Amino acid sequence: MITHGEGKDPFWPVVQKGGEDAARHVGADFEYIFNPSGDMGDMAKSITAAAATQPDGIVVSLPDPDALGQAIKDAVAAGIPVITMNSGLESSKEVGALMHVGQPEFLAGQSAGARAKAEGATKGLCFIQEAYNTALNDRCNGYGEAVPIKLVDSSNDPATIPTRAAAGLQANPDVDAVLSVGPHVCVGVQQAIDELGMSVHHSCFDLSPPVMDMINAGKVKYTIDQQQFLQGYLPIIVLNLMHRNGTLPGNSINSGPGFVTLSNVAQV
């Protein structure tokens, strides 16, 4: 399993745990790989290196089809089954993958935006940590169909997110809504909101303990859960069933979206 997480985002260890649990349940050897650089060229090299070991299957996130597509196509041409996950639903078949496990991100963004508008949001900012990531852009653009937004690069570094968020908020004092498209971004942006003493409608994507704490405190209205454990777990199960029985699901598997709000955060 090869993902684009840089090791700073609390999202990815849950994906890794899903893969590890699934591999243990079916008796498979499992290796999780990510590139600390976050560079797509490095990730493509990791895919090529993994394919050279002739594994029984590769699971890969696909945030940048242009940068990663050829490496995945080469793996498929070498006879290796590939399942994409998390990012890249729209490009999964194009690069030769069997299927995709993840969240339709534009739809998830639309759902988040429609709810924000219903709760009074009229103009917003979307803080995005990976400008190259098509999935994150889809979240912002889907939200923007209901609530006009401007994209702001938050960076992927938790240490710099509050500063960048504060700058974005100060440069746009007329906004009344904020969307943060990652859990660590959510935390850093809320820190900036608190420090500036602003009152805005804040919604987020994905889960972490701090995000759930902020929902409980009433600071974050909701987060969209794409169930990343399933994104790690299900591809391993699918590959095992394919090798064992020759069976595959008839289509890709949607792992989200689902709303986590004050009404259900305790259960989640």
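**Charges, rings and cavities**

Analyst: Let's begin with arginine 139, which is buried, with a relative accessible area of 3%. Buried means under 20% relative accessible area, exposed over 50% and partly exposed in between (1.4 Å probe, protein chains only). One caution: the model is predicted, so local features need pLDDT of at least 70 and side-chain atom pairs pLDDT 80 or more, while totals for chains, interfaces and linings use all residues. Numbering starts from 1 along each chain as its sequence is written, and side-chain values use heavy atoms, with hydrogens and water left out.

User: Thanks! Which side chain does arginine 139 meet in a salt bridge?

Analyst: Glutamate 105 is the partner, at 2.8 Å from N to O. A salt bridge here is a side-chain nitrogen of Lys or Arg within 4 Å of a carboxyl oxygen of Asp or Glu. This pair links distant parts of the chain, with glutamate 105 in helix 4 (residues 105-118) and arginine 139 in helix 5 (residues 134-144), 34 residues apart. Helices (H or I, at least four residues) and strands (E, at least two) are DSSP runs, numbered from the N terminus.

User: And glutamate 105, buried or exposed?

Analyst: Glutamate 105 is buried, with a relative accessible area of 4%.

User: How many salt bridges does the structure hold?

Analyst: There are eight salt bridges in the structure. Another one joins aspartate 153 and arginine 164, at 3.5 Å from N to O. Aspartate 153 belongs to strand 7 (residues 149-153) and arginine 164 to helix 6 (residues 161-171), so the pair ties together parts that are eleven residues apart in sequence.

User: What about accessibility for those two, aspartate 153 and arginine 164?

Analyst: Aspartate 153 is partly exposed, with a relative accessible area of 41%, and arginine 164 is partly exposed as well, at 38%.

User: Let's go to helix 1. Which residue there does aspartate 21 bridge to?

Analyst: Aspartate 21 forms a salt bridge with lysine 17, with the closest N and O atoms 2.9 Å apart. Both residues lie in helix 1 (residues 12-26), four residues apart, about one turn of the helix. Aspartate 21 counts as buried at 8% relative accessibility, whereas lysine 17 is partly exposed at 41%.

User: Which residues are in the network around that pair?

Analyst: Lys17, Asp21 and Arg24 are linked in a network of salt bridges.

User: Nice. New topic: how many aromatic pairs turn up?

Analyst: Searching the whole structure gives four aromatic pairs. One of them is phenylalanine 11 with tryptophan 12, which is edge-to-face, with 5.0 Å between centres and 80 degrees between the planes. Rings of Phe, Tyr and Trp (its six-membered ring) pair if their centres lie within 6.5 Å; planes under 30 degrees apart are stacked, over 60 edge-to-face and the rest tilted.

User: Phenylalanine 11 and tryptophan 12: buried or exposed?

Analyst: Phenylalanine 11 counts as buried at 3%, and tryptophan 12 is buried at 7%. Tyrosine 32 and phenylalanine 34 also form an aromatic pair, this one tilted, with centres 6.2 Å apart and 50 degrees between the planes. In that pair tyrosine 32 is buried, with a relative accessible area of 16%, but phenylalanine 34 is partly exposed at 33%.

User: Last topic. How many cavities are there?

Analyst: The count is two cavities of 30 Å³ or more. On a 1 Å grid over the protein atoms alone, a cavity is a set of points where a 1.4 Å probe fits but cannot get out; lining residues have an atom within 4 Å of a point. Points are joined across faces, edges and corners, and a volume is the space filled by probe spheres set on them. The largest cavity has a volume of about 130 Å³.

User: Which residues are closest to the centre of the largest cavity?

Analyst: Of the 18 residues lining the largest cavity, His4, Trp12, Gln129, Leu136 and Asp206 are the closest to its centre. Helix 5 provides the largest share of this lining, three residues.

User: And what volume does the second largest cavity have?

Analyst: About 50 Å³. Its lining includes Glu105, His100 and Asp138, and helix 5 again gives the most to the lining, with three residues.

Technical notes. On a 1 Å grid over the protein atoms alone, a cavity is a set of points where a 1.4 Å probe fits but cannot get out, and a pocket is an open set with protein on both sides within 12 Å along at least five of seven lines; lining residues have an atom within 4 Å of a point.
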